[in-house]
Amino acid sequence: MSFAKPHLDPSDTALLRLAAAVRDVGYHFITVTPATHARVNGRPGNAWARDLRDVFGWSRPFRRDVVPETILGLMRQAGVLAGHGEGWRSTIRLSSLDDGLFIHSAFPTTAADAVFFGPDTYRFATAIKAHLLARTEPITRAVDIGCGAGPGGILLARGAPKAEVLMVDINDEALRYARINAALAGLRNVAPRRSDLLSEIGGSFDMIVSNPPYLLDPAQRTYRHGGGHLGAGLSLTILNVAMERLAPFGSLILYTGSAMVDGIDQFRRAAAARLGREGLAWAYTEMDPDVFGEELQRAAYMQADRIAAVVLTVTKEG
């Protein structure tokens, strides 16, 4: 099954051409945590960009001689040039994942509608790819809930090329980047849709994936704030929704974070209470035992020992 070619307006097309041009000169950049990003940028000599990785990866300001004229022109057309002293700064980043490239928000991601991409994205991708390799049942319809820049949906579309894949989000900037990233990947079986979880999307799914925000963010930024008890609120809501929308033999891959309090995994305990019903099989893995350690200094986490990155896999029996 394939979708009609997605509509891209002129600014979208310019951004697509910019990303393709940067990709075609051999650009590659692995995006790190915000804390690491700030440390590296704070080193002597890193105040200004020296090459395209500095411009589109490290989000450093640059002077005219750093960026080729063709790429600078595409940046102007795409509207991603912001003045910075005697030079400019890119308002987007470009991150590598496998052999693909993804557009997302520049560092620092302080805006309410910022679109994040980083180490969580790479771990999420690993979980999806592992499940696709192990799965034996066909996938005809799938969805990435809270798609952000679209890596989950794009990986699904690549791994299940005959499936209809949707990418849903409430952030219009995220949906725009996801649409362009899908076009950059050359995919026709994936499409973004605006929806609060699955409230505006009907039907069931053979595979549901999600990498929701799982922290308590004082600014309540869309990509970061999970709400509920220690940030688990949105993840538990997605679990509830997914259990009702999985087709027979359908699977949920939920990559999220969990605060540990006195050695007890708070998200696992809450999820297990919801999963104790017939017809569901589930597995739970700690992918990384210690992420976002700096959050433990916040008042909301003063009782937590650590925050772990975890993967919950739920399968509906036939």
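Predicted model: local features only at pLDDT ≥ 70, side-chain atom pairs only at ≥ 80, totals over all residues.

Student: Where does Phe 292 lie?

Tutor: Phe 292 sits in the loop between β11 and β12. Its backbone deserves a look too. Most residues other than glycine have a negative phi, and most peptide bonds are trans. Phe 292 has a phi near 50 degrees, a positive value in a residue other than glycine.

Student: Gly 293 lies in the loop between β11 and β12 as well. Is Gly 293 buried, exposed or partly exposed?

Tutor: Gly 293 counts as partly exposed, at 32% relative accessibility. Its C-alpha atom is separated by 14 Å from that of Asp 217, which is 76 residues apart along the chain.

Student: What is the phi of Asp 98?

Tutor: Asp 98 has a phi near 55 degrees, again positive in a residue other than glycine. Look for Asp 98 in the loop between β3 and β4. With a relative accessible area of 45%, Asp 98 is partly exposed.

Student: Which peptide bond is cis?

Tutor: The bond from Phe 107 to Pro 108 is cis, with omega near 0 degrees. Pro 108 belongs to the loop between β4 (100-105) and α5 (119-134).

Student: Now helices. How do I read a buried face?

Tutor: An α-helix has 3.6 residues a turn, so residues three or four places apart point the same way. Then take helix α2 (residues 34-41), where His 37, Val 40 and Asn 41 are buried. Seen down the axis of α2, the buried residues fall within an arc of 95 degrees, so they line one face of the helix. The cover over these buried residues of α2 includes β3 (92-97).

Student: Which residues of α9 are buried?

Tutor: In α9 the buried residues are Gln 266, Phe 267, Ala 271 and Leu 275. Their arc around the axis is only 155 degrees, which puts them on the same side of α9. The face turned away from that buried side carries the exposed residues Arg 269 and Ala 273.

Student: What covers the buried residues of α9?

Tutor: The cover includes α8, β9 (246-261), β10 (264-265), β11 (280-288) and β12 (306-316).

Student: At what angle do α8 and α9 cross?

Tutor: Helix α8 (residues 233-245) and helix α9 (residues 266-275) cross at roughly 20 degrees, and their axes come within 11 Å. The two helices are therefore roughly parallel to each other. The crossing of α8 and α9 is right-handed. On the α8 side, the contact is made by Ser 235, Leu 236, Leu 239, Asn 240 and Met 243. On the α9 side, Phe 267, Ala 270, Ala 271, Arg 274 and Leu 275 take part. By class, the contact of α8 with α9 has 7 nonpolar, 2 polar and 1 charged residues.

Student: How is α1 oriented to α4: roughly parallel or roughly antiparallel?

Tutor: Read the angle before naming the class. The axes of helix α1 (residues 10-24) and helix α4 (residues 69-78) come within 8 Å and cross at roughly 155 degrees. That makes α1 roughly antiparallel to α4. The α1–α4 crossing is left-handed. Residues of α1 in this contact include Leu 15, Leu 18 and Val 22, and those of α4 include Ile 71, Leu 74 and Met 75. The residues of the contact of α1 with α4 divide into 9 nonpolar, 2 polar and 1 charged.

Student: At what angle do α1 and α7 pack?

Tutor: The angle is about 50 degrees, with the axes of α1 and α7 10 Å apart. α1 and α7 are therefore oblique to each other. Their crossing is right-handed. Among the residues that meet are Asp 12, Leu 16 and Arg 23 in α1, and Arg 176, Tyr 177 and Ile 180 in α7. The contact of α1 with α7 has 8 nonpolar, 1 polar and 4 charged residues.

Definitions and conventions:
Residues numbered from 1 in each chain as written. Heavy atoms only, no water. Buried < 20%, exposed > 50% of the residue type's maximum accessible area, 1.4 Å probe, protein only. Helix = DSSP H or I, 4+ residues; strand = E, 2+ residues; numbered from the N terminus. Arc of directions from axis to C-beta. Contact = heavy atoms within 4.5 Å. Axes fitted to C-alpha atoms, helices over the stretch in contact; angles between N-to-C directions. Parallel < 35°, antiparallel > 145°, perpendicular 65-115°, else oblique. Left-handed = near helix turned anticlockwise from the far one by under 90°. Nonpolar A, V, L, I, M, F, W, Y, C, P; charged D, E, K, R; others polar.
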